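Work through the exercises below with the model open. Try each task before reading its solution.

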Amino acid sequence: MLLMHSQVKAKTPPTGLMSNTEQDQQFQVLVEQHKGILYKVAKTYCQDESERQDLIQEIMIQLWQAFPRYNPQYKISTWVYRIAINVAISFFRKYQRRKSSVDLSDPPMYITEPENVEKEAQLQLLEQFIHELRDIDKALMLLYLEDRSQAEIAEILGLSLSNVSTKVGRIKEQLKRRFSNHKI
Amino acid sequence: MDLKELWQSYHEKVEANLSINRKNAEDISKLKAKTYLLSMRPLKIFTIVVGFLWVIGVYMLLLHAFQIGNYFFLISAAVQVVLTQLAIGVYIYQLVLINQVDVSDPIVKVQERLAQLKTSTLWIARFLFLQLPVWSTFYLNRSMLRNGEYGLWIMQIAITVSLSMLALWLFFNIRNENRHQRWFRWIFQGGEWEPVIKAMEMLEEIEEYRDRAA
């Protein structure tokens with residue numbers, strides 16, 4: 001039975017006496033269930049659409065290579081976030097592009113009603129402001145916006161709870177200030 | 001404005017419409033790609049091997065110089081070989097760091113290791129600069145000392161003293177805090193140094209987190 005159908009099941013070690021086929025299947029389920037994380041991390045760290053496809057592929061390669069070493073003491077989402085963000089910050093080789101075989105492009109926009117046009121503009125501003133943050137601040141903000149608990153953010157980043165709480169508060173204030181300045 | 005609400009209102013819809021080709025995920029699992037860090041290893045090992053061979057070669061020359069009593073060459077080569085050994089030590093340290101990096105470790109831990117790995121390249125540059133003066137002394141000998149003209153000796157001393165001062169100054173000043181200085185940017189310009197400069201910025205960011213925690 002595939003083990004990634006829920007996070008509870010995912011706490012079982014993925015390898016051990018498993019066959020390669022079982023491991024392949026588990027990996028495919030893992031990618032399917034966490035494609036949202038892959039997409040959002042890539043979008044946060046890479047603005048160029050075609051480079052983003054390469055980045056997602058690089059993250060998937062690193063996930064696959066780290067898969068046999070998955071430590072079940074962590075939630076699978078914590079593990080995926082760690083790898084995805086680490087790859088996005090520094091493992092991704094911009095100038096040595098592989099021929100990407102992954103297509104996880106931006107899906108078509110569905111927000112077209114007039115009242116949502118403003119929301120869309122605000123979202124673009126938010127993404128732009130986040131993109132201008134420094135790398136670890138960016139990760140912190142992404143995890144906050146993804147509604148991760150402070151304990152999980154601390155675990156993913158390797159920071160203390162108080163540090164996470166103080167820093168999230170400061171970045172939030174900074175972003176809100178930028179929004180209000182932009183309106184003026 | 002609620003930032004979380006704004007972010008999630010869009011991304012929930014996006015996530016629902018994302019699709020990943022099952023075939024592609026399968027392809028990835030069959031890919032025997034080398035990780036970024038492991039791809040750095042062969043060049044470092046090659047450099048260490050060449051460095052060792054160089055050190056052995058210089059030690060043999062030192063032995064020869066000792067027998068014929070050419071102290072200028074002896075001291076110059078000894079300084080050069082000691083600094084080369086230190087540079088090899090940095091390469092070995094980098095190999096250890098490469099083996100220690102686990103991409104699934106917490107972000108700050110991984111980024112700090114990687115930044116240390118990249119910025120340690122500056123130590124190699126510092127050792128190389130420290131070798132500068134000996135390149136102006138290794139060819140001297142007793143006969144030149146006895147028969148040399150004053151003018152030439154004044155020029156020789158001026159060059160060696162200047163190179164020594166420059167080497168020491170660079171050795172002590174090539175460090176993180178000076179990365180914004182014009183001279184620093186001039187020496188470390190170009191694409192190959194860009195990751196080192198970025199790594200210094202990352203170390204500074206991590207340090208700020210540490211300061212807040214303290």
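A residue counts as buried when its relative accessible area is under 20%, as exposed when over 50%, and as partly exposed in between. By that cut-off, 54% of the 184 residues of chain A are buried. Keep in mind that this is a predicted model.

**Exercise 1. The two chains**

Task: Describe the secondary structure, burial and contact range of chain A and of chain B.

Solution: 
- Step 1. Go through the elements. Chain A has eight helices and zero strands. Its pattern from the N terminus is α-α-α-α-α-α-α-α.
- Step 2. Turn to burial. Chain A has 54% of its 184 residues buried. In chain B, 42% of the 214 residues are buried.
- Step 3. Look at the range of contacts. Take the contacts in chain A with a separation of 6 or more: 72% of them are between residues 24 or more positions apart. For chain B, take contacts between residues at least 6 apart in sequence: 70% join residues at least 24 apart.

**Exercise 2. Aromatic pairs in chain A**

Task: Classify the ring pair Tyr70(A)–Trp79(A) and the ring pair Phe129(A)–Phe179(A).

Solution: 
- Step 1. Know what to compute. A pair of aromatic rings is described by the distance of the centres and the angle of the planes.
- Step 2. Set the cut-offs. Centres must lie within 6.5 Å, and planes over 60 degrees apart count as edge-to-face. The count is 16 aromatic pairs over all chains.
- Step 3. Take Phe129(A) and Phe179(A). The centres are 5.2 Å apart and the planes lie at 80 degrees, so this pair is edge-to-face.
- Step 4. Phe129(A) is in helix H5 (residues 114–131) of chain A and Phe179(A) is in helix H8 (residues 161–183) of chain A. The two are 50 residues apart, and the pair links distant parts of the chain. Phe129(A) and Phe179(A) are both buried.
- Step 5. Look for a cluster. Phe27(A), Trp64(A), Phe67(A), Tyr70(A) and Trp79(A) are linked into one by ring pairs.

**Exercise 3. Around helix H7 of chain A**

Solution: 
- Step 1. Go along the helix, residues 150–157. The buried residues are Glu152(A), Ile153(A), Ala154(A), Ile156(A) and Leu157(A).
- Step 2. Check just after H7(A). Gly158(A) takes a positive phi of about 80 degrees.
- Step 3. Check the loop between helix H6 (135–145) and H7 of chain A, where Asp147(A) sits. Asp147(A) is not a glycine, yet its phi is positive, about 65 degrees.
- Step 4. Asp147(A) has a relative accessible area of 47%, so it is partly exposed.

**Exercise 4. Helix packing in chain B**

Task: How do helix H4 and H6 of chain B pack, and what surrounds Trp123(B)?

Solution: 
- Step 1. Read the geometry. H4(B) (residues 71–100) and H6(B) pack at about 175 degrees, with axes 9 Å apart. H4(B) is therefore roughly antiparallel to H6(B).
- Step 2. List the meeting residues. H4(B) brings Leu83(B), Leu86(B), Ala87(B), Val90(B), Tyr91(B) and Gln94(B). H6(B) brings Thr121(B), Trp123(B), Ile124(B), Phe127(B) and Leu130(B).
- Step 3. Focus on Trp123(B), in helix H6 of chain B. Its relative accessibility is 38%, so Trp123(B) is partly exposed.
- Step 4. Find its partners. Leaving aside neighbours within four places in sequence, Trp123(B) contacts Val90(B) and Phe171(B). The charged end of Arg126(B) sits over the ring of Trp123(B), 4.2 Å from its centre.

**Exercise 5. A loop threonine**

Task: Is Thr137(B) buried or exposed, and what does Thr137(B) touch?

Solution: 
- Step 1. Locate Thr137(B): the loop between helix H6 (121–130) and helix H7 (142–147) of chain B.
- Step 2. Apply the cut-off. Thr137(B) has 15% relative accessibility, so it counts as buried.
- Step 3. List contacts, not counting residues up to four places away in sequence. Thr137(B) touches Phe72(B), Ser76(B) and Thr160(B).
- Step 4. The side chains of Thr137(B) and Ser76(B) are joined by one of 2.7 Å.

Notes. Residues numbered from 1 in each chain as written. Chains lettered and ligands numbered in written order. Heavy atoms only, no water. Helix = DSSP H or I, 4+ residues; strand = E, 2+ residues; numbered from the N terminus. Buried < 20%, exposed > 50% of the residue type's maximum accessible area, 1.4 Å probe, protein only. Polar contact = N/O pair within 3.5 Å; in protein donor to acceptor, adjacent residues only side chain to side chain. Contact = heavy atoms within 4.5 Å. Phe/Tyr/Trp six-rings, centres within 6.5 Å; stacked < 30°, edge-to-face > 60°. Lys NZ or Arg CZ within 6 Å of the ring centre and 35° of its normal. Axes fitted to C-alpha atoms, helices over the stretch in contact; angles between N-to-C directions. Parallel < 35°, antiparallel > 145°, perpendicular 65-115°, else oblique.
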